[in-house]
2 protein chains.
Amino acid sequence: MKYRVTLAYDGTGYSGWQLQEGWPTIQGVFGEALAKLEGGYVVTHGAGRTDAGVHAEGQVVSFRLSREWEGPILRRALNASLPFEVRVMEAERASEEFHARYDAKGKTYRYRVYQAEVMNPLYVRYAWHYPYALDVERLAEAGQALIGTHDFAAFTVTASDVRTSVRTLTAFGVEREGPDIRFHFSGNGFLRYQVRTMVGALVEATRGRLKAGTVARLLESRDRMLAGAPAPARGLTLMKVEY
Amino acid sequence: MKYRVTLAYDGTGYSGWQLQEGWPTIQGVFGEALAKLEGGYVVTHGAGRTDAGVHAEGQVVSFRLSREWEGPILRRALNASLPFEVRVMEAERASEEFHARYDAKGKTYRYRVYQAEVMNPLYVRYAWHYPYALDVERLAEAGQALIGTHDFAAFTVTASDVRTSVRTLTAFGVEREGPDIRFHFSGNGFLRYQVRTMVGALVEATRGRLKAGTVARLLESRDRMLAGAPAPARGLTLMKVEY
């Protein structure tokens, strides 16, 4: 029987979603919890392969179990054996064809920046500490150039196993509550490091190191070397997957 | 020379503010950082003696150093040797008579409750997981009875070294953003466990286990046994100290 769960996790101590022998991964600990119920290895598919240190509030995972489980009971059984940094928020039966990764139609990520001279220790696990002034209106304006369907080659790693780097960004927004700045990106899919590289480039562009129109020119260039370093993993959270 | 610093800390791994031989405490690690600069032990006074697991965004500490330091340089020197969970947000010279604890005129605490069936791992260090429905309007109404000058004996521990349990609560508020509920308490001073016990009692009263008017009756009773358990330490943060 096919199941679908929504996972939330604090990625701080983990080497990302994807199973890696000898490293603590979310797929690894989730697989162990499933193996206890199933009495054997269970193949899992995650909607987003979050990198080391990246968090999730709405990762979606699909898998098969031989027994029939009611959603709330499956959720409780899994949470009872998962570490507290990883929680099943929802669990339900899915159609036999459901595949969390291939069926995903859209994803939303949040990126948090904490802008202050000294980093607040209550934000250090979940936000990039940025000590220089940032103008949220200019950030919002600069980000408009990214909305739409573009070749995002400039915002990913060069060696990539994907066929095309064309993606559609459907929504972009940024809001500020004192020192806490939150970016939101929604799209049909994202390349590796794409969100973090876009945040890094927007922040640099806004600081005035890069000239006006930079973001549009970066897109056109398709040159990974121009966009600068991706923002740190700790600020990124996979919020929602749409089907 | 007398100095005054504002500290922020994630209290999760610490046995509270106050120095305790053999336990990790905020006063302990802060004292070690000061000792490196001074070349010897430095007596420190914290405005609030936060308990084990309690956080701070605005703890104030006073101490003397033999050398003259400019505020920003002292701040940087201390942050360079403090663990990342403890940060000096501001540092400045203070008058020779300044005492962070005795001179405090008021304090503000925040208490966070995360109200959802399953706890979100991104909130677990900083909020009390409460799985049952909560009505924020009723919480706000029930809390009004606490505002003003009262004997808060019912909301503290019985064995207390303080002369009087009369305190003045100057402001109380509660706000909700989805599952994230935040209480704010301001007053001239707080008894040990007072904020956490008030939150515990308000939440229980709102759930309807305790009858209407309960909070006022608890105050009048001065009986510690009636108020129930204090809410967990992890939800509490010392936000601000006024002088």
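**Close-up 1. Helices H3(A) and H4(A) cross in a right-handed sense.** A crossing counts as right-handed if the near helix is turned clockwise from the far one by less than a right angle, and as left-handed if anticlockwise. This is a predicted model, in which local features need pLDDT of at least 70 and side-chain atom pairs count only at pLDDT 80 or more, while totals for chains, interfaces and linings use all residues; side-chain values use heavy atoms, with hydrogens and water left out. Residues are numbered from 1 along each chain as its sequence is written, and chains are lettered from A and ligands numbered from 1 in the order in which they are written. Helices (H or I, at least four residues) and strands (E, at least two) are DSSP runs, numbered from the N terminus. H3(A) and H4(A) pack at an angle of about 125 degrees, and their axes lie 9 Å apart; axes are lines fitted to C-alpha atoms, for helices over the stretch in contact, and angles run from 0 to 180 degrees between N-to-C directions. That angle makes H3(A) oblique to H4(A) (under 35 degrees is roughly parallel, over 145 roughly antiparallel, 65 to 115 roughly perpendicular, and the rest oblique). Look for Arg138(A), Leu139(A), Ala142(A) and Gly143(A) of H3(A), which meet Leu202(A), Val203(A), Ala205(A) and Thr206(A) of H4(A); contact means heavy atoms within 4.5 Å. By class, this contact has five nonpolar, two polar and one charged residues (Ala, Val, Leu, Ile, Met, Phe, Trp, Tyr, Cys and Pro are nonpolar, Asp, Glu, Lys and Arg charged, and the others, Gly among them, polar).

**Close-up 2. Helix H5 (residues 214–221) of chain A has Thr214(A), Val215(A), Leu218(A) and Leu219(A) buried.** Buried means under 20% relative accessible area, exposed over 50%, and partly exposed in between (1.4 Å probe, protein chains only). Seen down the axis of H5(A), the buried residues fall within an arc of 140 degrees, so they line one face of the helix; the arc is that of the directions from the helix axis to the C-beta atoms. Their packing partners are helix H3 (136–143), strand S7 (148–151) and helix H4 (194–207) of chain A.

**Close-up 3. In chain B, helix H1 (residues 26–38) packs on helix H2 (residues 71–81) at an angle of about 120 degrees, with axes 9 Å apart.** H1(B) and H2(B) are therefore oblique to each other, and H1(B) passes H2(B) in a right-handed crossing. Phe30(B), Ala33(B), Leu34(B), Lys36(B) and Leu37(B) come from H1(B), while H2(B) supplies Leu74(B), Ala77(B), Leu78(B) and Ser81(B). Sorted by class, the contact has seven nonpolar, one polar and one charged residues.

**Close-up 4. Gly71(B), Leu74(B), Arg75(B), Leu78(B) and Asn79(B) are the buried residues of H2(B).** They cover an arc of only 125 degrees around the axis, which puts them on the same side of H2(B). Arg76(B) and Ala80(B) are exposed on the other side. The cover over the buried residues includes strand S1 (2–9), H1, strand S3 (55–64) and strand S4 (86–93) of chain B.

**Close-up 5. His45(B) sits in strand S2 (residues 44–46) of chain B.** With a relative accessible area of 30%, His45(B) is partly exposed. Leaving aside neighbours within four places in sequence, His45(B) contacts Trp17(B), Val60(B), Val61(B), Ser62(B), His99(B) and Ala100(B).
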